[in-house]
Amino acid sequence: MKGEPLPYSLVGRLQSGANAKLYNTSSTANQTSQAPSVSPFADFLQKAESVQNKQSESVANLKISGHAAMRLRERGIELSKKDWEQIGQGVDRVAAKGGKEALLMYGKNGFLVHVPSRTVITSWSELSNEVITKIDSVVMVPQLDPQGRL
C-alpha cells in the first residue's frame with residue numbers, strides 16, 4: 001500500500017546483493033564484476049528512512065516535518081514566531097471542530113497539517129491549479145501585518 005514502509009526482509013535482500021545481476025553493467029562476459037555493496041534501491045530506502053526518522057523541527061507548539069521544512073526552504077517561505085503562533089491558533093480552531101487533516105491558509109501560503117499530532121506535513125507558497133485530497137477541513141488564518149498585528 002502507498003505510504004507503508006517495505007518489509008525489512010526485502011531491504012536486507014537488496015543490501016546483500018541478491019539482485020546483483022540487475023546492476024551488472026559489465027560489457028564483457030570474462031570480466032568478474034562485484035555487485036555494489038548497496039544497490040541503488042536500497043540506498044534510496046536508507047536515505048528515505050533517515051529523513052523519515054529525522055526529528056521534526058518544532059515551533060509555536062507545532063511540529064514541522066522534514067518534508068515540510070524542505071518545502072519551506074525551497075519555496076522561500078519565511079515566517080516569524082508570531083506567524084507560527086497564528087497558524088497554531090488555526091490548528092486549535094480546527095481541532096476544536098474535530099478536524100484531522102486540514103489545509104490552513106495563511107495569506108498566500110497554504111499548510112497541510114495533521115491535526116491530532118499538530119504536525120505540518122507540507123506547504124505551498126501559492127495555491128494555483130493544485131489538487132489537494134484527503135483533507136477534512138480548510139481554515140482561513142488571519143495574517144499578521146509586518147509589525148505583527150492583525
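**Exercise 1. Work out which secondary structure elements the chain has and in what order they come.**

The chain holds 4 helices and 6 strands, where helices (H or I, at least four residues) and strands (E, at least two) are DSSP runs numbered from the N terminus. Read from the N terminus on, these elements follow the order α-α-β-β-α-α-β-β-β-β. The model is a predicted one, in which local features need a pLDDT of at least 70 and side-chain atom pairs count only at pLDDT 80 or more, while totals for chains, interfaces and linings use all residues. Residues are numbered from 1 along each chain as its sequence is written, and side-chain values use heavy atoms, with hydrogens and water left out.

**Exercise 2. Decide which element of the chain has the lowest mean pLDDT and which has the highest.**

Begin with the chain as a whole, which averages a pLDDT of 77, with 63% of the residues scoring at least 70; pLDDT is the predictor's confidence in each residue, from 0 to 100. Where pLDDT is low, the predicted coordinates should not be read in detail.

**Exercise 3. Find which strands pair with strand 5 (residues 119–124), and in which sense.**

Two strands pair if DSSP finds at least two bridges between them. On one side of the count, 2 bridges join strand 2 (residues 62–64) to strand 5, and these two run parallel, with Ile64 standing opposite Val120. Strand 4 (residues 109–114) also pairs with strand 5, in the antiparallel sense and over 5 bridges, and here Val113 stands opposite Val120. Strand 4 and strand 5 form a hairpin with 4 residues between them, and Arg118 in the turn has a positive phi of about 55°. Finally, 5 of the 6 residues of strand 5 are buried, so strand 5 is largely enclosed by the rest of the structure.

**Exercise 4. Compare Ser117 with Thr119: which is buried and which is partly exposed?**

Ser117 has its place in the loop between strand 4 and strand 5, whereas Thr119 lies in strand 5. Ser117 counts as partly exposed because its relative accessibility is 25%, while Thr119, with a relative accessible area of 10%, is buried. Their side chains are joined by a polar contact of 2.9 Å, that is, a pair of N or O atoms within 3.5 Å, of which, within protein, one must be able to donate a hydrogen and the other to accept it, residues adjacent in sequence counting only if both atoms are side-chain atoms. Beyond residues up to four places away in sequence, Thr119 touches Lys63, Ser65, Leu112, Val113 and His114. The C-alpha atoms of Ser117 and Leu62 are separated by 8.4 Å, although these residues are 55 residues apart along the chain.

**Exercise 5. Sort the residues of strand 6 (residues 137–141) into a covered and an uncovered face, and name a strand that pairs with strand 6.**

In a regular strand the side chains alternate between the two faces of the sheet. In strand 6, the covered face consists of Ser137, Val139 and Val141, and the uncovered face of Val138 and Met140. Strand 3 pairs with strand 6 in the parallel sense over 5 bridges, and Leu103 stands opposite Val138.

Terms used
Buried < 20%, exposed > 50% of the residue type's maximum accessible area, 1.4 Å probe, protein only. Contact = heavy atoms within 4.5 Å.
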